Amino acid sequence: MSRQPANAAEALAWLAWQAEMGADEALEERARDRFAEPPVRIAAPPAPVSVAAPAVARLVAVDEALASARAMAAAAGDLAALKTALQRFEGCGLKATATNLVFADGNPESRVMLVGEAPGAEEDRQGKPFVGVSGQLLDRMLACVGLDRTTAYITNVLFWRPPGNRTPTPAEIAACLPFVERHIALVRPTHLLLLGGMSAKTLLNTGEGILRLRGKWTTLQPGGLDYAVPTLPTLHPAFLLRQPAQKRQAWRDLVAFRAALDKIPSTTRSVGEG
Ligand code: URA
C-alpha cells in the first residue's frame, strides 16, 4: 500500500478494517505493496485428462487386435497352422477366461461345413464344438438327414467360451472373424449351414434376425476363396430346445440343405453323400 494514513484517526480506522477482514497479525515490519510486485506466475494446470481417453485406448487396442487377427489368419496355409495361429493369438479377451480353444470337430474333407455360435461350458472343457446338450440335439438333427461328424465339419464364430455364456461383445466377435473366414477358405466347403443368429449375422454381415434369415439360401465368399459358397442359415439347436415348436422350421431347412448336397456331382464331394 503506497498511500500513508493522513492522521492517527485514519490509521486506526484502517487497522480496525483489516482486523475485521482477518488480518490481525503483523508478519513483517513493513507492509508489502502487492501491486508493485511482478504478477505471480501460476503454473499451467496439467492437461485435463480427457474422459474419452480410455475409449480411444480401447479403440486402438481393438484395431491392433483386428490387424493382428487378419495377418495371422492370412498367413495360415492349412487347418493345423490356423489352429496354431489361434493358440498364439492374444487379441481376443475371451481367451483369458476360457479353459480350452474350441477349434473344430468332424471331417474337413467332407466339405460340408456348419458354423455355430460360441462354445458353452462342456465345449470349453473338452475343446470341441457342440458336445453339450445342444450338440446332442444337433447330432440328432444331422442324423435325420444322413449326416454326422464323419460327413460334416463343425466350428463356431467364436473360438473361446464367453464367461458364464454371456453375449460376446462386438470386439470379441470381430477379433475372431478373420480366423473364421480363413477357416472357411481353407476347408473350401461346397455348402455352409449357419446355426443361429450370431453366426448368420456375423458371417452375412447383417442386422437381420435369424427368424427372417433362416431357410433363405445365400452365398458367402470370404477372401481367399475363388468361388461363392451356397449358404443356408437355420435355427440354433439351443433355441430349438427352448422353443420346440420351431423344430418344424429347422427340419425344413435341413431337408433343403440335404437336397442341395444331393445335387452336387459326387466327383466334387469326397464324403457326405447319403
Ligand atoms: N452352441 C454353439 O453355438 N456352439 C457350440 O459349440 C456349443 C453350443
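Start by selecting glutamate 90 in this predicted model: at 65% relative accessibility, glutamate 90 counts as exposed. Lysine 95 forms a salt bridge with glutamate 90, and their closest N and O atoms lie 3.4 Å apart.

Next, select arginine 161, in the loop between strand S3 (153-156) and helix H7 (170-187). Arginine 161 is buried but has no salt bridge. The nearest side chain of opposite charge belongs to aspartate 124, 4.7 Å away; a salt bridge would need a nitrogen and a carboxyl oxygen within 4 Å. The side chain of arginine 161 does make a polar contact with the side chain of asparagine 165, at 2.8 Å. Show the surroundings of arginine 161 as well: the residues it touches include Leu94, Pro119 and Asp124.

Now colour the strands. An open sheet of 6 strands, with mixed pairing, runs in the order S1-S3-S2-S4-S6-S5. Its edge strands, S1 (105-106) and S5 (218-220), each pair on one side only. Inspect S4 (residues 191-195) and S6 (residues 229-234), which pair in the parallel sense over 4 bridges. Leucine 194 stands opposite proline 233 in S6.

Aspartate 262 is partly exposed, at 46%, whereas arginine 258 is buried, at 10%.

Finish with Asp105, Asp139 and Arg149, which salt bridges with shared partners join into one network.

Notes. Residues numbered from 1 in each chain as written. Predicted model: local features only at pLDDT ≥ 70, side-chain atom pairs only at ≥ 80, totals over all residues. Heavy atoms only, no water. Helix = DSSP H or I, 4+ residues; strand = E, 2+ residues; numbered from the N terminus. Buried < 20%, exposed > 50% of the residue type's maximum accessible area, 1.4 Å probe, protein only. Lys, Arg positive; Asp, Glu negative; His and termini not counted. Polar contact = N/O pair within 3.5 Å; in protein donor to acceptor, adjacent residues only side chain to side chain. Contact = heavy atoms within 4.5 Å. Pairing = 2+ DSSP bridges. Lists of a residue's contacts leave out its neighbours within four places in sequence.
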